[in-house]
Amino acid sequence: MFPLGYDADVNSPLLPLVDAEIPERCDAARNRKLLLDAAATLVAERGVDAVTMEVVAAKAGVGKGTVFRRFGSRSGLMNAMLDHTERELQHAFMFGPPPLGPDADPIVRLVAFGRARLDMVAVQGDILRAAENSPEFRFSGPARAVSLRHIVTLLTDAQVDGDVELLGTALLAPLDAALVLYQCRTLGMPIERIADGWQDLALRIARIDALPD
């Protein structure tokens, strides 16, 4: 998803380069678009749980092996579908204006990031859940690694006491798509309530009573 400049190690100072992409041959790029368009159409028609590699291959008129070679797994396909949205969010917190961007207070940025991630779940939650629901992406996917690194960096910049890597993991866990969808759909929690609760957790970890002005 973020191929160049990316280091999955949370201790690395590197973040992926949002505008950097591995060059593709024209035919490879066409095939990728064909498969992603087919997958997006199927999600709209049948829902994400009905979308398999075999069904995508049939919709695109290619062999199943082509889909597996291009994306590796169903979770890889779902991550590819999320690529554009993830890049937009990353660009916003790396280069954008406040409250997400670098000119804002780190705790303000942290809360804004959590709310932005929850907004993504509200819109693309089923695809996010499908992307996260596999051993290879659950805890080590590029998007999760970037999110964790960003949270840890903000906690460090805010001079939060404690083990910031563990605190960052604790803050990232409530943003899990499967959990948020369960809270919304089964428990009936509005997304704004979840966002307010996440902000409260972030402020408690930062040991402050309110967001800085």
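**Figure 1. Serine 147 and its contacts.** Leave out the neighbours within four places in sequence, and serine 147 is in contact with Phe113, Arg117 and Leu172. This is a predicted model, and serine 147 sits in its helix α7. Is this serine buried or exposed? With a relative accessible area of 3%, serine 147 is buried. Leu172, one of its contact partners, is itself listed among the buried residues of α8.

**Figure 2. The whole chain, for orientation.** Before the other close-ups, here is the overall picture. The protein has ten helices and zero strands, so you can read its elements from the N terminus on as α-α-α-α-α-α-α-α-α-α. Of its 213 residues, 45% count as buried. The accessible surface of the protein comes to about 11,000 Å², and carbon and sulfur atoms hold 55% of that. Take the contacts between residues at least 6 apart in sequence: 65% of them join residues at least 24 apart.

**Figure 3. Helix α8 against helix α10.** Here we look at residues 164–172 (α8) and residues 191–206 (α10), whose axes come within 10 Å and cross at roughly 170°. The two helices are therefore roughly antiparallel to each other. Who meets whom at this contact? On the α8 side there are Leu167, Ala170 and Leu171, and they meet Trp198, Leu201, Ala202 and Ile205 of α10. Sort those residues by class and you get seven nonpolar, no polar and no charged.

**Figure 4. The buried face of α8.** Which residues of α8 are buried? They are Val164, Gly168, Leu171 and Leu172. Looking down the axis of α8, these buried residues fall within an arc of 95°, so they line one face of the helix. As background, an α-helix has 3.6 residues a turn, so residues three or four places apart point the same way.

Figure 5. Setting aside its neighbours within four places in sequence, threonine 169 is in contact with Arg144 and Leu148.

**Figure 6. Helix α1 across helix α4.** Residues 26–46 make up α1, which packs with α4 at an angle of about 95°, with the axes 10 Å apart. That makes α1 roughly perpendicular to α4. Arg32, Leu36, Ala39, Ala40 and Val43 in α1 meet Leu77, Ala80 and Met81 in α4. By class, this contact divides into seven nonpolar residues, no polar and one charged.

**Figure 7. One side of helix α9.** In α9, residues 177–185, the buried residues are Ala177, Val180, Leu181 and Gln183. Around the axis they cover an arc of only 160°, which puts them on the same side of α9. What do they pack against? The buried residues of α9 pack against α5 and α10.

Figure 8. Some background first: most residues other than glycine have a negative phi, and most peptide bonds are trans. The peptide bond from proline 98 to proline 99 is cis, with omega near 5°, and proline 99 lies in the loop between α4 (74–95) and α5. Glutamine 159 is not a glycine, yet it has a positive phi of about 60°. Glutamine 159 has its place in the loop between α7 and α8, where it counts as exposed at 69% relative accessibility. Arginine 207 also has a positive phi, near 60°. Find arginine 207 in the segment after α10; it is exposed, with a relative accessible area of 64%.

Methods: Residues are numbered from 1 along each chain as its sequence is written. This is a predicted model: local features need pLDDT of at least 70, side-chain atom pairs count only at pLDDT 80 or more; totals for chains, interfaces and linings use all residues. Side-chain values use heavy atoms; hydrogens and water are left out. Helices (H or I, at least four residues) and strands (E, at least two) are DSSP runs, numbered from the N terminus. Buried means under 20% relative accessible area, exposed over 50%, partly exposed in between (1.4 Å probe, protein chains only). Contact means heavy atoms within 4.5 Å. Accessible areas come from the Shrake-Rupley method with a 1.4 Å probe; for residues, only the protein chains shown count as cover. Axes are lines fitted to C-alpha atoms, for helices over the stretch in contact, and angles run from 0 to 180 degrees between N-to-C directions. Angles under 35 degrees count as roughly parallel, over 145 as roughly antiparallel, 65 to 115 as roughly perpendicular and the rest as oblique. Ala, Val, Leu, Ile, Met, Phe, Trp, Tyr, Cys and Pro count as nonpolar, Asp, Glu, Lys and Arg as charged, and the others, Gly among them, as polar. The arc is that of the directions from the helix axis to the C-beta atoms.
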